[in-house]
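This report describes one protein chain for a reader who is new to it. Please keep the sequence and the model in view while reading.

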Amino acid sequence: MSSDTIHNVTVSMTVNGRGHTVSCQPRKLLSDALREDLHLTGTHVGCEHGACGACTVLVDGAAVRSCLLFAAQMNGADITTVEGMANPDGSLNTVQQAMQDCHGLQCGFCTPGIVVTLTAFLRDHPDPTDHEIRVAISGNLCRCTGYHGIVNAARQAARGEPASSVEAQSSESQSSESQKLESQS
Ligand code: FES
Ligand code: FES
């Protein structure tokens, strides 16, 4: 069957607080609809099969991979992309500011997915342990940072600690890990 014979579906959804109606093929991915139809290119597409987390958005408050959803499933949904994460006055939200302060990004490709994931995670877990933070971002792959900056950012966002204190704690914890490893060798 050629794509010409597949009828478009009409989807009405709220994205970043604004109503949108999209006409698209039933097989169109949510990630593609956001990027191509709504021009919200902050949602990045890495693997397109649910492995990297770059395409994470909030759907009705839950962090989900938009490459694993069809746009046609989103009728009536309330979606927030990274473009909708800033504060109402346009300033960076707590997680975004912490990512900047703690050098939680380099190339930035994974960053939208991580900001969305951490924003939802910290909303539900306001005082996480480091282990919980690492588990929370374990579905978001970053090829640049080594993750320490991202974990520091999550700590700062959760605890309101300044970047310098977070970095000091991180060095202490890394140094204690090294001592443990040395004592075991
Ligand atoms: S692009 Fe969706 S998980 Fe990688
Ligand atoms: S900052 Fe480059 S992939 Fe994460």
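Two strands are said to pair if DSSP finds at least two bridges between them. Helices (H or I, at least four residues) and strands (E, at least two) are DSSP runs, numbered from the N terminus. In these terms, β1 and β2 form a hairpin with two residues between them, and Asn16 in the turn has a positive phi of about 55°.

This is a predicted model, in which local features need pLDDT of at least 70, side-chain atom pairs count only at pLDDT 80 or more, and totals for chains, interfaces and linings use all residues. Residues are numbered from 1 along each chain as its sequence is written, while chains are lettered from A and ligands numbered from 1 in the order in which they are written.

**Confidence**

The pLDDT is the predictor's confidence in each residue, from 0 to 100. Its mean over the chain is 89, and 84% of the residues reach 70 or more. Over residues 180-185 the pLDDT is below 50, and this stretch has zero contacts in the model beyond near neighbours in sequence. Two residues are in contact if their C-beta atoms, placed from the backbone, lie within 7 Å. Where pLDDT is low, the predicted coordinates should not be read in detail.

**Overall architecture**

The chain contains six helices and five strands. Read from the N terminus, its elements follow the order β-β-α-β-β-β-α-α-α-α-α. Among the contacts with a separation of 6 or more, 57% join residues 24 or more positions apart. Of the 185 residues, 37% are buried. A residue counts as buried if 20 or more other C-beta atoms lie within 10 Å of its own, as exposed if 12 or fewer do, and as partly exposed in between.

**The sheet**

The five strands form an open sheet in the order β2-β1-β5-β3-β4, with mixed pairing. Its edge strands are β2 (18-24) and β4 (62-65), each of which pairs on one side only. From one strand to the next, the twist averages 40°. Strand β1 (residues 9-15) is antiparallel to β2, and seven bridges join the two. Across this pair, Val9 stands opposite Cys24, and Met13 stands opposite His20.

Cys24 belongs to strand β2. The residues that Cys24 touches, leaving aside those up to four places away in sequence, are Asn8, Val9, Val11, Ala33, Asp37 and Ala71. Between Cys24 and Val11 there are 7.9 Å from C-alpha to C-alpha, at a sequence separation of 13 residues. Asp32, in turn, lies in helix α1.

**Surroundings of selected residues**

| Residue | Class | Other C-beta atoms within 10 Å |
|---|---|---|
| Cys24 | Cys24 is partly exposed | 19 C-beta atoms within 10 Å |
| Asp32 | Asp32 is buried | 20 C-beta atoms within 10 Å |
| Glu48 | Glu48 is partly exposed | 15 C-beta atoms within 10 Å |
| Asp60 | Asp60 is exposed | 12 C-beta atoms within 10 Å |

Where do Glu48 and Asp60 lie? Glu48 is in the loop between α1 and β3, and Asp60 is in the loop between β3 and β4. Although Glu48 is not a glycine, its phi is positive, at about 60°. Asp60, also a residue other than glycine, has a positive phi near 50°.

**Helix packing and the core**

Helix α3 (residues 111-124) lies across β3 (56-59) and β4, and runs at about 40° to β3. Such angles run from 0 to 180 degrees between N-to-C directions, and the axes are lines fitted to C-alpha atoms, for helices over the stretch in contact.

A nonpolar core is a set of buried Ala, Val, Leu, Ile, Met, Phe, Trp, Tyr and Cys residues joined through C-beta atoms within 7 Å. The largest one here has 44 residues, and Val115, Val116, Leu118, Ala153 and Ala154 have the most contacts inside it. Two or more residues of this core come from each of β1, α1 (30-37), β3, α2 (94-101), α3, α4 (130-136) and α5 (148-159). The core lies between domain 1 (3-84) and domain 2 (94-184), because both give residues to it. These domain bounds come from an automatic or database domain assignment. Leu118 touches Val95, Ala136, Ile137, Ala154 and Ala157, with residues up to four places away in sequence not counted.
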